Amino acid sequence: MDRLNQWLRRVPTAVVWVLGALPFCWLIAQAATNQLGPDPVKAIELSLGLWGLQFLIASLAITPIRILGINLLKFRRALGVYAFLYVMVHFLAWMILDMGLRLDEVLRDLTRRPYIIVGMIGLLAMLPLALTSTNAAIRYLGGARWRSLHRLAYLAGLAGSVHFILLVKGWQAEPLIYALALLCLLLLRLPRVKIGLRARGKSRAPQRV
Ligand code: HEM
């Protein structure tokens, strides 16, 4: 594991910033070349939503993964920022491409459709996280307050996966797998589990870089 961490220390965070933009660029290329199937708007919405959820789960997995001795902390900010950006563009795609900016219909959906309401809770929970993702914001808030605020990421993740469960027909495996992954990550953050795992992983987990 030491070798892996040494190698990871040499990987610049710019790599994650560049890789994170690729799904978006790929989506734009597919849209520009008419490769998104019969309903391109829906394909754009679904792809952005799914990437948003995956980045969110990846960013939440960084801390528990340290138990295995793998230190990916320096990539967490990029993953979290991308989660927010994909979800934000997902929301904008819905508002502009799907709803055609018809505010009466936007408001109707925002107040009547449970999966839209829950999705909105997720997006709103991510907003303060994105706004406080800079070093200056961390210094201003102080570590403890910043960490408490960033627990909102779990609310965003749970809202995102419930939103996914609600919008599919019946009980499909994919949204349930995301919800389960989030519940596991949440469980690992419970103080009792955290203390137990920390004791087990103490000798293996490297210190913060
Ligand atoms: C944390 C916030 C959110 C996450 C993680 C998220 C994630 C997702 C996911 C994973 C899908 C399904 C993708 C698929 O089937 O492959 C989806 C679909 C969708 N989401 Fe979101 N979403 C969020 C917030 C929102 C918000 C705020 C809105 C609009 C107000 C929204 C509107 C939609 C719509 C319209 C669909 C497509 C439904 C359909 O026609 O099948 N989402 N979202």
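This briefing walks through a ligand shell, a nonpolar core, a helix pair and a few individual residues.

The model is predicted, so local features need pLDDT of at least 70 and side-chain atom pairs count only at pLDDT 80 or more, while totals for chains, interfaces and linings use all residues. Residues are numbered from 1 along each chain as its sequence is written. Helix names follow DSSP runs (H or I, at least four residues, for helices; E, at least two, for strands), numbered from the N terminus.

**Around the ligand**

- The ligand is surrounded by 22 residues, and the closest are Leu46, Gly49, Gly119, Gly122 and Gly160; here a residue is near a molecule or strand if its C-beta atom, placed from the backbone, lies within 6 Å of it.
- Two or more residues of this shell come from each of α3 (40–65), α4 (76–98), α6 (114–131) and α9 (152–167).
- Sorted by class, the shell holds 13 nonpolar, seven polar and two charged residues. Ala, Val, Leu, Ile, Met, Phe, Trp, Tyr, Cys and Pro count as nonpolar, Asp, Glu, Lys and Arg as charged, and the others, Gly among them, as polar.

**The largest nonpolar core**

- This core has 30 residues, of which Phe55, Leu56, Ile57, Leu79, Ala83 and Tyr86 touch the most other members.
- A nonpolar core is a set of buried Ala, Val, Leu, Ile, Met, Phe, Trp, Tyr and Cys residues joined through C-beta atoms within 7 Å. A residue is buried if 20 or more other C-beta atoms lie within 10 Å of its own, exposed if 12 or fewer, and partly exposed in between, with C-beta atoms placed from the backbone.
- At least two core residues are supplied by each of α2 (14–32), α3, α4, α6, α9 and α10 (173–188).
- Tyr86 is in contact with Leu48, Trp51, Gly52 and Phe55, leaving aside neighbours within four places in sequence; contact means C-beta atoms, placed from the backbone, within 7 Å.

- Gly52 lies in helix α3 and counts as buried because 26 C-beta neighbours fall inside 10 Å.
- Beyond four places in sequence, Gly52 is in contact with Ala83, Tyr86, Val87, His90 and Gly160.
- Gly52 and Gly80 are 28 residues apart along the chain, with their C-alpha atoms separated by 9.2 Å.
- α3 and α9 pack at an angle of about 145°, their axes 10 Å apart. Axes are lines fitted to C-alpha atoms, for helices over the stretch in contact, and angles run from 0 to 180 degrees between N-to-C directions.
- On the α3 side, Gly52, Leu53, Leu56, Ile57, Ser59 and Leu60 meet Ala153, Tyr154, Ala156, Gly157, Gly160, Ser161 and Phe164 of α9.
- That contact has eight nonpolar, five polar and no charged residues.

**Ala93 in α4**

- Ala93 lies in helix α4 and counts as buried because it has 20 C-beta neighbours inside 10 Å.
- Not counting residues up to four places away in sequence, Ala93 touches Ile44, Glu45, Leu48 and Asp98.
- The C-alpha atoms of Ala93 and Glu45 are separated by 6.2 Å, although these residues are 48 apart along the chain.

**Loop residues**

- Asn34 sits in the loop between α2 and α3. Its phi is near 50°, a positive value in a residue other than glycine, and Asn34 counts as exposed because it has 8 C-beta neighbours inside 10 Å.
- Leu101 is in the loop between α4 and α5 (103–112). The phi of Leu101 is near 55°, again positive in a residue other than glycine, and 10 C-beta neighbours inside 10 Å make Leu101 exposed.
- For context, most residues other than glycine have a negative phi.
- Ile70, in the loop between α3 and α4, is partly exposed because 16 other C-beta atoms lie within 10 Å. Ile70 touches Met1, Leu4, Asn5 and Ile65, not counting residues up to four places away in sequence.
- Ile70 and Asp2 are 68 residues apart in sequence and 8.4 Å apart in space, C-alpha to C-alpha.

Conventions: Contact = placed C-beta atoms within 7 Å.
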